[in-house]
Structures are given as structure tokens and as C-alpha cells.
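This report covers a two-chain model. The sequence and structure come first, and the notes follow.

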Amino acid sequence: MEGLLRVSGSIDRLTLFIGRQVRWLILAAVLVSAVNAIIRKTFDTSSNAWLELQGALFGAVFMFAAAYVLQKNGHVRIDALSSHFSKRTRNWVDLFGHVFFLLPFCFLMVWLGVPYFWESLRDGENSSNAGGLVVWPVKFFILGGFALLLAQAISEIIKRWAVIKGVRDD
Amino acid sequence: MIELIAHNLAPIMFVSLVVFLLLGYPVAFSLAANGLIFFVVGVELAPYSQSITLDWPLLGLTIGRILDVMRNDTLLAIPFFTLMGIVLEKSGMAEDLLDTAGQLFGPIRGGLAYAVILVGALLAATTGVVAASVIAMGLISMPIMLRYGYDRSLASGVITASGTLAQIIPPSLVLIVLADQLGVSVGPMYAGAVLPGLMTVGLFCLYVFAVTIVRPAYAPALPIDARTLGSGFASLLAVLLASGVAGILGWWLLQDHIARGAGIWGAAIAAMSAYGVALADKHFKTGYLSHLAQQVVSVLIPPLALIFLVLGTIFLGIATATEGGAMGATGALLMAWFKGRLPYRVLSDALDGATRLACFVMFILIGSRVFSLTFYGVNGHIWVEELMTGIPGGTWGFLIAVNALVFVLGCFIDFFEIAFIVIPLLAPVAQKLGIDLVWFGIIIGMNMQTSFLTPPFGFALFYMRSVAPNGPWVDKPSGRTIAGVTTAQIYRGGIAFIILQLIMVAIVVIFPWLSIGEGEVKVDTDKIEINLPSLD
């Protein structure tokens, strides 16, 4: 258990670090989008590369922040009923959900994501928009985001189990 | 038995989703997992039923759907408007507005309540985030209202309800999400929500007025010694009148020369001229304007400028909603920075807030896309369609049933979940019935506004509870000890406003021209459009 909790701690530190850094990409996306809008109107031209950049930045934010938001319990739940559950029951629900809902979903996405990303990188796949960006970075965000979420799911499972076993305080 | 299950997989899937969600596990992952589990079940049962069109290669499409979500330009506006809202909240714009509006309206009976409603509307027109409005107004106005003897339920009801105006007055987040899910553009949704939104504001004010007539003690005027801005209404009135004239003149001169938006330019001219007068008066120290007029004009300008920057450019067709959001967020950041109210901590926290909200919203969307892949594969959309078209009363029956459904769901779940799970199922049915989707979206948006106020899970009530004094507290300015606000009082306060909002929903349903204009046809069963929104 000690060793597992150390693993969990390392994962938490990694996702926390990444989650704290990606927020700045929102600022970048805001500025890129504002400049795009001004240029589009004043010079009557627009660049698909810059338009795609704002979307890609946002994509990176929410994909890479997903694990961090999970760690901070920020994914919304419908607690109409569960707020009446005991703490113990809620721990079990979380453990059950992490193992049977989250883990398979992340695993599937990573499994599909590897060839998805790799083929795009290998073929140098370009955006279907004229003058757009290459596609592989965005596909990497999907793969990377779900890989991180998978890791965080494992960390959460360890923590829930430790709480249920009484090894760790909630 | 297996065949029975195979034929009814869609309803079974829906019921199990409800069970999954009620367990209280995060919505995004429950949706995705439900989709995946039933995908496996569906593939296994496919030989037993004609209506199941699932096979293993289809599973590979899930990841492409996530790429589609990432390429969605409309939803990019969500972090932009959220960031804008949080920055404005932290930069103290709400405080300035509330202080000044409170002083301006304070001397009349119910004045503080009117001030809260109008500031709520102004904040709503700049941000679109309910939490920010309720928390700001709860922190600033609640203590003042309690100090001067407002009825506790009325005070908290006015604040929570005015906060929810952010839901319906553009640029609201919910209208962005609804536009995306209904497959219409955000611009018409925003334009259509303006009149119903303003009417809601009017209705709230009327209610407060009625209360001051029936129960004057519930909403007393500010006592003389609490009026700090002094008098000087005459000069304020003169400034407003002069700028109004300038605006109308501008509108009249412009309307023949530009294709659209003369009214918007006129309003901009009016605001600019008022600001110009105030600035000139301050600069040359002519003293024509009273302190009151100076103060009112100078605090009103920043939000008005932002409203023009965001909504004006969207309505004029200069900017898309996403661009408007980016411009608004940039404007809010610059404004806060110039005022020296944007230290690193505030910026970082605001970005973190926007990141978290955007992340959970986008993941619910991802989850619902995985869910819908399977749900459509088991012909779930046909099941829902049969269910909804089976409602007696045709279009009206459908609208009433949908509104009842959204209202009840709104008592228990968040509007994002309703928008992402329920709306995609209803949109094709609405389209088949020939209902204008913009009108439909605005009705739903108005209805979801109530979800913030309805017990047991009204988020505006929760925000209010988190900032309202719980037990007795010592009010510093008056030195008195004032009793706290009970949770029951907060809940009770919302009831009147829920009724008012439902009246507005009914008005929008009965008078579609309020949201989609006279010229357009609202219900036309012959008109069935071919371009289905991308729901599958």
C-alpha cells in the first residue's frame, strides 16, 4: 500500500503541474482570437493557420486539464440522491466508477489514440483547410490528455482504496 | 427474452443512464461509459434486432468525434466569456456599479432592489456567468439591504433572481451551448434573447413595485443620513437627456446611410457623448455636473463600453460570438489592468476558473458524443421521436411537455447536462414539427433560468447561502447586531421569481415574434428542413 500511495502521489504531482500550466494557454487563445478578429476586419484577410491555432490551444487546455480537474473533484456530478449517501457509500461509488467507467473509457481512447496520432504524424497529415496547420499536434493532445487521465484514474483508485481500507484520511 | 431486450435497447439504455447519473459519479464519464457498455451489448444483440446498427469498426469513430469536439469554434466562446466574467468580478466593477446604483435609487422605496435588478442586468449583459453575479451582489448588497430593514426573503430573492439574468441576457453561456446543440448560429439566438431578457428585467421591477405598494415595510427607502452622493439629480438628468438626444440624432442621421445597426451606433454615440461631457467637466473643473452625475456616468461607462464591444459587434455582424468573447475578455483584462486591479494572483485564479469550467463542460460534451454514437446506433432517436410525437396536442402539446420536462429536470440537474443530454434528443423532433429552432432554444433557455432557483438544487440559492450571513453578525457602519439569513428564507425568496420567470416562458411561447421577429413563420408543418444538425 505504501508503495502504491507513492505512485499515486507522483501521478498527482505530475497532473497538478500540467494542469496548473495549461491555464496560460487560455490567455494565449484569447489574445490570438482577438487579434484574428481585428485583422480579419481591418485588413479583410484571415489565416486558417491562426484560426486553427486558437482552437488547438483551447483543445490542449481542456484535454490536459481533465486529469487535474478530476484530481480536484471538479467534474460535475448529479448529487440529488448521492448527497444523502454515507461517506463510505460515496467512496465505493467512486471506486466502482473509476474502475468500471473511467478506466475502460480512457484505456479505449489511448488504444485508439496511438495509431490515430502515429499515422497522422507519419503521413504528415495536413488540415483540410487551405493553409491550415498540421493535424498531428491536435491528435497528440487527445492521446496525451487521455493518457494523463488514465494515470489519474489509477491514482484516484489507489487513493479511494486506501481511504476505504482506513490507511489514508479522506 | 433476448429479443425483447434487443428490441427495447434504447429505453433500457436511457433508464440505465439515469441510474448511472443518480449514483453521483461524474456526468462526463458516466455518459461515456454508458455509451461504451451498451455498445458492447448492442453489437452482441445486433443479430436479434433490425433496429440495432452497431458493429465493431464503428467503435473506432469515437476518437474522431473527440476531434470534432476540439474543432468546435462556437464552444470556444465558453472559456472566453467565463474568463471575462471572473476578471470583471475580481476587478471590482460589480462593486462600483452596486454602490452607485444603490445611491442613485436608494432614496425611493424599493430603490435598493431596483438597483440590484438593474446591476444584475448590466452584469448579465457583460458576462454570462450566474455565480459571479450572485456572489458579488450577495456580498455587497445583501448587508446593505439587511441594515436598512429589507424583508430577508425579498432581498435574497431579488439578488438570486437578478443573478440568473445572466442566463438569458446575451452573452449567456447557455445560449451558446443551446445554439451549438440545435445547430443554429449564436448571433440570432443572442438577438432573439434581447427582448425577452429585457422584459424579464421589467417584470422583476414591476414585482418589486407591487411589493412596495402592498407591503411598504418590506423594502424601505434609504434614510437621509445614508445618502452619501448628495443631491444633483438635475444635472444628471440633463446629461442623460442631452446624450439621449445625441444618440437619437445619430441614429436618425445614420439610418439612411448604413445597412443595419443604426440603433446600436446611436446608443454608442449616446454613451460616448455622456462620457465626453463628464470627462470634459472633470478636466476643466467647470463644476456644471454634480458629484452624483459624475459618479453615475463614470461607473456606467466601462460596462456599457464592454457591452458594445461584445454584443454590438456580434449584432452588427462584425464579430462572431467567439470573436466577441475574445474581444470582451481582452477588454476586461485591459480594463482591470489599467485600474491596477490585475495582479498575478487574480489573473492566474481567473484563468484557473475558466480552465476548470471549460474542461468539465467539454468533457460532458465528449461523454455525450460517445453516448449518442451508441444511442443512435440502437435507434434511440426514433424511440424518442415516437415518444414525443405521441404527445397529444401536436406542436403545443410538444412544447408544453418539453417545458414541463426541462423545468422538472432543472430542479435536480445543471443546465449543462440538460443542454448536452436532453436537447440533442428533442431538437430533431422540434424540427420535424416545424418549430423554429432559435425560438425553441430561447424558450428552453428561459426555462433553464428557473433551474438556478428551484429547490432542492438551485445553484443561485447555493451561491447565495455561501455568502449570506448565517448567524447574527455585527454590522460595522451602524454598530447594530443583525440576525442572519436562514436557508428557508433564501429558498422562499426564490418562489415569486420562479413564477415570474415561468410567466415569461409562457409569454415567449405565446408571442414568438418577441424572439424571432414578425416576418418569420413560427409553426409551419410543411416546412421540414433537410439540413439536420450534427447530432449523430
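B:Asn379 sits in the loop between α17 and α18 (380-389) of chain B. Helices here are DSSP runs of H or I with at least four residues, strands are E runs of at least two, and both are numbered from the N terminus. The phi of B:Asn379 is near 65 degrees, a positive value in a residue other than glycine. B:Asn379 is partly exposed, with a relative accessible area of 23%. On this scale buried means under 20% relative accessible area, exposed means over 50%, and partly exposed is in between (1.4 Å probe, protein chains only).

A:Asn73 is not a glycine, yet its phi is positive, at about 55 degrees. Its loop runs between α2 (48-71) and α3 (87-122) of chain A. A:Asn73 is partly exposed, with a relative accessible area of 48%.

## Basis of the model

This is a predicted model: local features need pLDDT of at least 70, side-chain atom pairs count only at pLDDT 80 or more, and totals for chains, interfaces and linings use all residues. Residues are numbered from 1 along each chain as its sequence is written, chains are lettered from A and ligands numbered from 1 in the order in which they are written, and side-chain values use heavy atoms, with hydrogens and water left out.

## The loop between α10 and α11 of chain B

The peptide bond from B:Pro170 to B:Pro171 is cis, with omega near 0 degrees. B:Pro171 lies in the loop between α10 (152-168) and α11 (173-182) of chain B.

B:Ser172 also belongs to the loop between α10 and α11. Is B:Ser172 buried or exposed? B:Ser172 is buried, with a relative accessible area of 0%. A polar atom of its side chain lies 3.3 Å from the backbone nitrogen of B:Leu175. Leaving aside neighbours within four places in sequence, B:Ser172 contacts B:Gly128, B:Ala166, B:Gln167 and B:Tyr190. Contact means heavy atoms within 4.5 Å.

## The interface of chains A and B

The size of an interface is often given as the accessible area lost when the parts come together. Between chain B and chain A the buried area is about 5,300 Å², and carbon and sulfur atoms give 79% of it. Buried area is the accessible area (1.4 Å probe) that two parts lose on being put together, summed over both. B:Tyr25, B:Ile63 and B:Met70 supply 15% of the area that chain B buries against chain A, more than any other three residues. In all, 61 residues of chain B are in contact with 57 residues of chain A.

There are 2 salt bridges between the chains. A salt bridge is a side-chain nitrogen of Lys or Arg within 4 Å of a carboxyl oxygen of Asp or Glu. A:Arg23 forms one with B:Asp352, the closest N and O atoms being 3.3 Å apart. On the side of chain B that touches chain A, α2 (9-22), α3 (27-45), α5 (61-70), α6 (77-90), α16 (321-338) and α17 (344-377) each give two or more residues. The largest share, 16 residues, comes from α17(B).

## A buried glutamate

B:Glu417 is in helix α20 (residues 415-432) of chain B. B:Glu417 is buried yet has no salt bridge. The nearest side chain of opposite charge, A:Arg77, is 11 Å away. Charge is counted as positive for Lys and Arg and negative for Asp and Glu, with His and the chain ends not counted. Not counting residues up to four places away in sequence, B:Glu417 touches A:Val76, A:Ile78, B:Val27, B:Ile364 and B:Val422.

Key
Polar contact = N/O pair within 3.5 Å; in protein donor to acceptor, adjacent residues only side chain to side chain.
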